[in-house]
Amino acid sequence: MSGRPKTIDWGADSRVCPSCPENGSQPLENFGYDRSRPNGRLSHCRACWNQKQIEKRHKAIARKPSILSMSVKDRVIWAMERGAQTREAIQEVAGIRDEDRMTDALADLYDQNRLDRAGLRVRVYRLAA
Ligand SMILES: [Zn+2]
């Protein structure tokens, strides 16, 4: 025996996460929502799902180790080119810890007409075409 449960009851209000079957059956509220799935829930429990998202992000950053040697402004552009549009997302993707430098970089880009004016108002940042 593998030690894993023999059946996974997808219809019940608890289920086993394939990444941590050692935790046994978990209540459905441990699984995040995903409307694109027929059962409306993510396949993995929140803890495993979050872990996967973090690993994905780290991998994305690891693919571009050079960003750490780039200026804050270049990192902001780099993050935005990869789809980061909010202050939080840009900071996270670009790995910028210093909010002041981040604000300076955005102000700089704005002065250079590199930021979309309409985007600024709703605090969603876009690079000007
Ligand atoms: Zn899990």
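Because the model is predicted, local features are given at pLDDT of at least 70 and side-chain atom pairs count only at pLDDT 80 or more, while totals for chains, interfaces and linings use all residues. Residues are numbered from 1 along each chain as its sequence is written.

The protein has 5 helices and 4 strands; here helices (H or I, at least four residues) and strands (E, at least two) are DSSP runs, numbered from the N terminus. Read from the N terminus on, the elements run β-β-β-β-α-α-α-α-α. Of the 129 residues, 12% count as buried. A residue is called buried if 20 or more other C-beta atoms lie within 10 Å of its own, exposed if 12 or fewer, and partly exposed in between, with C-beta atoms placed from the backbone. Contacts, for their part, join two residues whose C-beta atoms, placed from the backbone, lie within 7 Å. Among contacts between residues at least 6 apart in sequence, 33% join residues at least 24 apart.

In soluble globular proteins, nonpolar side chains tend to be buried together.

Helix H2 (72-81) has Arg 75, Val 76, Ala 79 and Met 80 as its buried residues. They cover an arc of only 135° around the axis, which puts them on the same side of H2; the arc is that of the directions from the helix axis to the C-beta atoms. These buried residues of H2 pack against H3 and H4. Just after H2, Gly 83 takes a positive phi of about 100°.

In helix H3 (residues 87-94), the buried residues are Ile 90, Val 93 and Ala 94. Viewed down the axis of H3, they fall within an arc of 85°, so they line one face of the helix. Helix H2 is included in what covers them. Ile 90 illustrates this packing: with neighbours within four places in sequence left aside, Ile 90 is in contact with Val 76, Ala 79, Met 80, Ala 84 and Tyr 125.

How do the helices cross? The axes of H2 and H3 come within 9 Å and cross at roughly 105°. Axes are lines fitted to C-alpha atoms, for helices over the stretch in contact, and angles run from 0 to 180 degrees between N-to-C directions. H2 and H3 are therefore roughly perpendicular to each other; angles under 35 degrees count as roughly parallel, over 145 as roughly antiparallel, 65 to 115 as roughly perpendicular and the rest as oblique. Arg 75, Val 76, Trp 78, Ala 79 and Met 80 of H2 make the contact with Ile 90, Val 93 and Ala 94 of H3. By class, this contact has 7 nonpolar, no polar and 1 charged residues, where Ala, Val, Leu, Ile, Met, Phe, Trp, Tyr, Cys and Pro count as nonpolar, Asp, Glu, Lys and Arg as charged, and the others, Gly among them, as polar.

The axes of H2 and H4 come within 9 Å and cross at roughly 75°, which makes H2 roughly perpendicular to H4. Here Val 72, Lys 73 and Val 76 in H2 meet Arg 101, Met 102, Ala 105, Leu 106, Asp 108 and Leu 109 in H4. The contact of H2 with H4 has 6 nonpolar, no polar and 3 charged residues.

Asn 113 lies in the loop between H4 and helix H5 (117-121) and has a positive phi of about 60° although it is not a glycine. Asn 113 counts as exposed because it has 9 C-beta neighbours inside 10 Å. Pro 18 sits in the loop between strand S1 (14-16) and strand S2 (25-27) and, with 12 C-beta neighbours inside 10 Å, counts as exposed. Leaving aside neighbours within four places in sequence, Pro 18 is in contact with Ser 43 and His 44. Pro 18 and His 44 are 26 residues apart in sequence and 6.4 Å apart in space, C-alpha to C-alpha.
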